[in-house]
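Please open the model in your viewer and keep the sequence panel at hand.

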Amino acid sequence: NTSRTCPKCGHISKDNRKTQAVFCCKSCGYTANADENAAKNILREGLSRLAQEVNSKRSQHCEPTEAEQ
Ligand SMILES: [Zn+2]
């Protein structure tokens with residue numbers, strides 16, 4: 001559904017994708033190349049997923065080590 005999500009307002013609709021190449025948001029009117037829009041959404045999702053992984057690893061490293069002492 002990444003190619004159907006508006007990067008400006010987050011509105012998701014199959015109607016957003018006017019044609020294979022042109023994206024047009026029915027909510028805010030944002031218009032862009034659909035492939036370029038999908039790439040932006042994928043990048044954004046990938047970055048947030050990576051940030052979550054980093055946070056979870058960091059919290060594991062911060063666990064108390066009293067049991068080993
Ligand atoms: Zn929009």
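This is a predicted model: local features need pLDDT of at least 70, side-chain atom pairs count only at pLDDT 80 or more; totals for chains, interfaces and linings use all residues.

A patch, as the term is used here, is made of residues with over 30% relative accessible area and no salt bridge, and nonpolar side chains are joined into a patch within 5 Å.

Select Leu 43, Leu 47, Leu 50 and Val 54 first. These residues make a nonpolar surface patch of about 380 Å². Within this selection, centre the view on Leu 43, which is located in helix α1, residues 34-61. Leu 43 has a relative accessible area of 55% and is therefore exposed, since exposed means over 50%.

Next, select the zinc ion. Which protein atoms are its donors? They are the SG atoms of Cys 6, Cys 9, Cys 25 and Cys 28, at 2.2 to 2.3 Å from the ion. The angles among the four donor atoms are 107 to 113°, and the site is tetrahedral. For comparison, the ideal angle for four tetrahedral donors is 109.5 degrees.

Now display the donor residues along the sequence, where their spacing is C-x2-C-x15-C-x2-C. Cys 6 lies in the segment before β1 (22-24), whereas Cys 25 lies in the loop between β1 and β2 (31-33), so this pair ties together parts 19 residues apart in sequence.

Colour the cysteines by accessibility. Is Cys 6 buried or exposed? Cys 6 is buried, because its relative accessibility is 1%. Cys 25 is likewise buried, at 3%, while Cys 9 is partly exposed, at 39%.

Finally, search for disulfides: the whole structure contains zero.

Definitions and conventions
Residues are numbered from 1 along each chain as its sequence is written. Side-chain values use heavy atoms; hydrogens and water are left out. A disulfide is a pair of cysteine sulfur atoms within 2.5 Å. Buried means under 20% relative accessible area, exposed over 50%, partly exposed in between (1.4 Å probe, protein chains only). Donors are N, O and S atoms within 2.8 Å of the metal (3.2 Å for Na, K and Ca); water is not among the atoms, so sites may look incomplete. Four donors count as tetrahedral if all angles lie between 85 and 135 degrees; four count as square planar and six as octahedral if opposite donors are over 155 degrees apart and all others between 65 and 115; anything else is irregular. Helices (H or I, at least four residues) and strands (E, at least two) are DSSP runs, numbered from the N terminus. Patches are made of residues with over 30% relative accessible area and no salt bridge: like charges are joined within 9 Å, nonpolar side chains (Val, Leu, Ile, Met, Phe, Trp, Tyr) within 5 Å. Accessible areas come from the Shrake-Rupley method with a 1.4 Å probe; for residues, only the protein chains shown count as cover. A salt bridge is a side-chain nitrogen of Lys or Arg within 4 Å of a carboxyl oxygen of Asp or Glu.
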